[in-house]
Amino acid sequence: MTFDLFLQHLSNGISLGSLYALIAIGYTMVYGILRLINFAHGDIFMMATYFAFFGIVTFGIPWYITFPVILVLTALLGMTVEATAYRPLRDAPKISILISAIGASFLLENLAIVLFGGVPKPFPTPDVFTDVVKIGTVSIQKLTFYIPVVTVIFLIGLTYLINKTKVGMAMRAVSKDHETARVMGINVNQIISLTFGIGSTLAAVGGIMWGLKFPQISPLMGVIPGMKCFIAAVIGGIGNIKGAVIGGFILGVGEILLVAFLPDLTGYRDAFAFVLLILILLYKPTGIMGEQIAEKV
Amino acid sequence: MLKINNLVVSYGGIEALKGIDLEVEEGKIVTLVGANGAGKSTTLRTIMGLVKPVSGSILYDGKDLLKEKTQNLTRYGLNLVPEGRRVFADLTVLENLKIGAYCRKDTKGIKEDLEWVFSLFPILKERVWQLSGTLSGGEQQMLAVGRALMARPRLLMMDEPSLGLAPLIVKDIFRIIQEIHKQGVTILLIEQNANAALHIADVGYVMETGRITLKGSGKELLTNEEVKAAYLGHSVKKVI
């Protein structure tokens, strides 16, 4: 393999990793605050792409208006899922909420099939994103550069929000101890809702860029990316945002390079994530940045 | 200030409180002593709305607390130092204190209270950037008290603040409780360390298996033979 080709693969891997990272953050944030795997997260990601399709194709709204609106709509969708499927079960056994999460996922998938049809639709791709630039002999879609940049911008924003703002502080407090947070005067439900909103917004950012990169959308498109991003979150250490980002990049870059170096294994591309999951669970179940289980009493 | 009438609480059919009456007057230190499982913590948790009672009433400044949500109580000047400290381990000392003032908007007042807390607990000022999970038990207890003070409470409830702490630190904690009280905060203190608690209390209640069995001034209870026998560890009859 030439160096140029390697660079091309690497840049592809990084942009795929960025997408995984954005979606994985949603899993990890919800887990951090509710100790719940939000199985509907991949489907929220799917919904975002349909919102984009309807905005741009059906209503003919320009992309630079549609995309920000979608972020808001997807956030609202995530908060609605939380309010209807999870909040009523807040004090129920964990298994009930888990089942509710799977139910919410199926509901969204089947709702999409009924409303939008099962036939894949083409995602609108404005030229600004798909133009190809040539650097030496390497030709790369502009999008491949945009994706990591946009991802980094959102990551910086998220880090600021969580570490420097009052709301972020409340989110960290709630993720440790709901009851004490309530005693301190924090509206726990509101903070949880906000967490879903933020996670869903990032899923929408990922969804839009996913659609631009792989411009075909279908009601079940969220299933495999959802699974993989969940795995990314586990690899990084579920509950840890930095870990989710690292996990996302490991998975994205690893997957692309695997296919690049061992073309025979192309068919096992999706299996790569699951093998990695098994290895992590065997040798470091808490993940790369996993939180310590032991607590000081 | 706080008036509890015939409060009954049960956990899955087992009555933890079998109808208790308790009153906290403004400006007093009131203590609730009793053995493990007597229902002391349950009483505080019910006041804070963390446990729903079967029957009875809790009035705070004439307000029916059973209708209030936990997260709004701090606005009314009611705050709790929970059992086992429960500081937010992943947050720094400063962040924990700021969380205490979460509902307040008066930046200047918050700053003043932060200085007040630092004057009560100088060690916290030294540790301001440290993650609170890395503090020692005594320091965490101070942080938990400081955090509650940041809400500028009028009635501060403390659940076993001396639990698991070294005797010297326990002494410190009780000194600080008195100090806080001098600043005009009413205190409802729960303790297994009945001796220390009754020494500083204006009013004491003794609880046994879900009932209040004795009420009196701190001094009265300290000299009460039954209390001595059960909680203070002295034998009733002096050894010859």
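This is a predicted model: local features need pLDDT of at least 70, side-chain atom pairs count only at pLDDT 80 or more; totals for chains, interfaces and linings use all residues.
The interface was examined first. The size of an interface is often given as the accessible area lost when the parts come together. Chain A and chain B bury about 2,200 Å² between them. Of this area, 58% lies on carbon and sulfur atoms. The contact draws on 20 residues from chain A and 28 residues from chain B. On the chain A side, the most area is lost by A:M169, A:V183 and A:M184. Together these residues account for 30% of what that side buries.

Two helices of chain A, α7 and α8 (178–183), each supply at least two residues of the side that touches chain B. Helix α7 of chain A gives the most, with six residues. By class, the chain A side holds nine nonpolar, four polar and seven charged residues.

Polar links also cross the interface. Seven residue pairs are in polar contact between chain A and chain B, with both partners at pLDDT 80 or more. Five salt bridges span the interface of chain A and chain B. The side chains of A:K176 and B:D90 meet in a salt bridge, with an N to O distance of 3.5 Å. B:D90 sits in the loop between β6 (78–81) and α3 (93–100) of chain B. Its partner across the chains, A:K176, belongs to helix α7 (residues 166–176) of chain A. B:D90 is partly exposed, at a relative accessible area of 44%. A:K176 is also partly exposed, at 31% relative accessibility.

Salt bridges were then considered over the whole structure. The search finds 25 of them over all chains. Within chain A, A:E255 takes part in a salt bridge with A:K228 and in another with A:R269. For A:K228 and A:E255, the closest N and O atoms are 3.2 Å apart. A:K228 lies in helix α10 (residues 223–236) of chain A, and A:E255 lies in helix α11 (residues 241–261) of chain A, so the pair ties together parts that are 27 residues apart in sequence. A:K228 is buried, with a relative accessible area of 3%. A:E255 counts as buried because its relative accessible area is 1%, against a cut-off of under 20%.

For A:R269 and A:E255, the closest N and O atoms are 2.8 Å apart. This pair links distant parts of the chain, 14 residues apart. A:R269 is in helix α12 (residues 269–283) of chain A, while A:E255 is in helix α11 of chain A.

Chain B contains a salt-bridge network. Salt bridges with shared partners join B:R104, B:D106, B:K108, B:E112, B:D113 and B:R152 into one network.

Backbone torsions were considered next. Most residues other than glycine have a negative phi. B:N6 has a positive phi, near 45°, and is not a glycine. B:N6 is placed in strand β1 (residues 2–11) of chain B. This residue is partly exposed, at 47% relative accessibility. B:D61 likewise has a positive phi, of about 50°, although it is not a glycine. B:D61 is located in the loop between β4 (55–60) and β5 (63–64) of chain B. Its relative accessible area is 39%, so B:D61 is partly exposed.

A:I70 is buried, with a relative accessible area of 1%. Leaving aside neighbours within four places in sequence, A:I70 is in contact with A:A48, A:F51, A:A52, A:A204 and A:I208. A:H9 is 61 residues from A:I70 along the chain. The C-alpha atoms of A:H9 and A:I70 are separated by 30 Å.

Conventions: Residues are numbered from 1 along each chain as its sequence is written. Chains are lettered from A and ligands numbered from 1 in the order in which they are written. Side-chain values use heavy atoms; hydrogens and water are left out. A salt bridge is a side-chain nitrogen of Lys or Arg within 4 Å of a carboxyl oxygen of Asp or Glu. Helices (H or I, at least four residues) and strands (E, at least two) are DSSP runs, numbered from the N terminus. Buried means under 20% relative accessible area, exposed over 50%, partly exposed in between (1.4 Å probe, protein chains only). Contact means heavy atoms within 4.5 Å. Buried area is the accessible area (1.4 Å probe) that two parts lose on being put together, summed over both. A polar contact is a pair of N or O atoms within 3.5 Å; within protein, one must be able to donate a hydrogen and the other to accept it, and residues adjacent in sequence count only if both atoms are side-chain atoms. Ala, Val, Leu, Ile, Met, Phe, Trp, Tyr, Cys and Pro count as nonpolar, Asp, Glu, Lys and Arg as charged, and the others, Gly among them, as polar.
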